[in-house]
Amino acid sequence: AEKLKATTAATATSLSAPYIQIGFYSIEANAKSASADLKKLGIASKIAPTTVKGNTFWRVLAGPAATKAERDKILKSVKGMGYTDAYAVKG
């Protein structure tokens with residue numbers, strides 16, 4: 001049900017950058033830990049594997065947000081958790 005909710009929110013959003021990137025990790029376990037931190041606060045997230053120069057990294061994205069106000073709230077929450085470099089991204 002959680003994945004369905006996230007998909008519905010993504011479809012309903014008109015934001016060009018509905019996600020908040022909270023981290024870019026070279027170790028998958030660290031990405032999973034960050035995602036678990038978000039889940040504890042009730043913030044939906046996804047882990048997106050990305051390859052850069054032949055190396056795999058894992059991006060942790062919070063969201064998606066349906067509105068700018070919701071995105072701002074998520075950003076404030078994740079920065080409050082210590083992810084001070086968090087910023088809005090397309091996904």
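# Briefing: sheet, helices and charged side chains

Strand β1 (residues 19-25) is joined to β3 by 5 bridges, and the two strands run antiparallel; helices and strands here are DSSP runs numbered from the N terminus (H or I, at least four residues, for helices; E, at least two, for strands), and two strands pair if DSSP finds at least two bridges between them. The model is a predicted one, in which local features need pLDDT of at least 70 and side-chain atom pairs count only at pLDDT 80 or more, whereas totals for chains, interfaces and linings use all residues. Residues are numbered from 1 along each chain as its sequence is written, and side-chain values use heavy atoms, with hydrogens and water left out.

**Overall architecture**

- The chain has 3 helices and 4 strands, and from the N terminus on its elements run α-β-α-β-β-α-β.
- Of the 91 residues in the chain, 35% are buried, where buried means under 20% relative accessible area, exposed over 50%, and partly exposed in between (1.4 Å probe, protein chains only).
- Among contacts between residues at least 6 apart in sequence, 67% join residues at least 24 apart, a contact being heavy atoms within 4.5 Å.

**The sheet**

- The 4 strands form an open sheet in the order β2-β3-β1-β4, with antiparallel pairing.
- β2 and β4 (87-89) are the edge strands, each pairing on one side only, and the twist averages 45° from one strand to the next; axes are lines fitted to C-alpha atoms, for helices over the stretch in contact, and angles run from 0 to 180 degrees between N-to-C directions.

- Helix α2 (residues 28-40) lies across β1, β2 and β3, running at about 5° to β3.
- Helix α3 also packs on the sheet, where it touches β1, β3 and β4, and its direction makes about 35° with that of β1.
- The largest nonpolar core has 16 residues, and those with the most contacts inside it are Ile20, Ile22, Leu38, Val60, Ala62, Ile74 and Val78; such a core is a set of buried Ala, Val, Leu, Ile, Met, Phe, Trp, Tyr and Cys residues joined through side-chain atoms within 4.5 Å.
- The elements that give two or more residues to this core are β1, α2, β3 and α3.
- Leaving aside residues up to four places away in sequence, isoleucine 22 touches Ala34, Leu38, Val60, Ala62, Val78, Tyr83 and Ala86.

**Charged side chains**

- The count comes to 3 salt bridges, each defined as a side-chain nitrogen of Lys or Arg within 4 Å of a carboxyl oxygen of Asp or Glu.
- In helix α2, lysine 32 and glutamate 28 lie 4 residues apart, about one turn of the helix, and their side chains meet in a salt bridge (3.9 Å, N to O); lysine 32 is partly exposed at 48% relative accessibility, as is glutamate 28 with a relative accessible area of 35%.
- Also in α2, lysine 40 and aspartate 37 are 3 residues apart and form a salt bridge (3.9 Å, N to O), with lysine 40 exposed at a relative accessible area of 70% and aspartate 37 partly exposed at 25%.
- Aspartate 72 and lysine 68 meet in a salt bridge (3.1 Å, N to O), and these residues, 4 apart in helix α3, are separated by about one helical turn.
- Arginine 71, which is found in helix α3 (residues 68-80), is buried yet has no salt bridge, the nearest side chain of opposite charge being aspartate 72 at 4.4 Å; Lys and Arg count as positive and Asp and Glu as negative, while His and the chain ends are not counted.
- Not counting residues up to four places away in sequence, arginine 71 touches Leu15, Ala17, Ile20, Ala65 and Ala88.

**Backbone features in the loops**

- Glycine 63 and proline 64 are joined by a cis peptide bond with omega of about 15°, and proline 64 is found in the loop between β3 (55-62) and α3.
- Lysine 53, in the loop between β2 (45-52) and β3, has a phi near 50°, a positive value in a residue other than glycine, and lysine 53 is exposed, with a relative accessible area of 81%.
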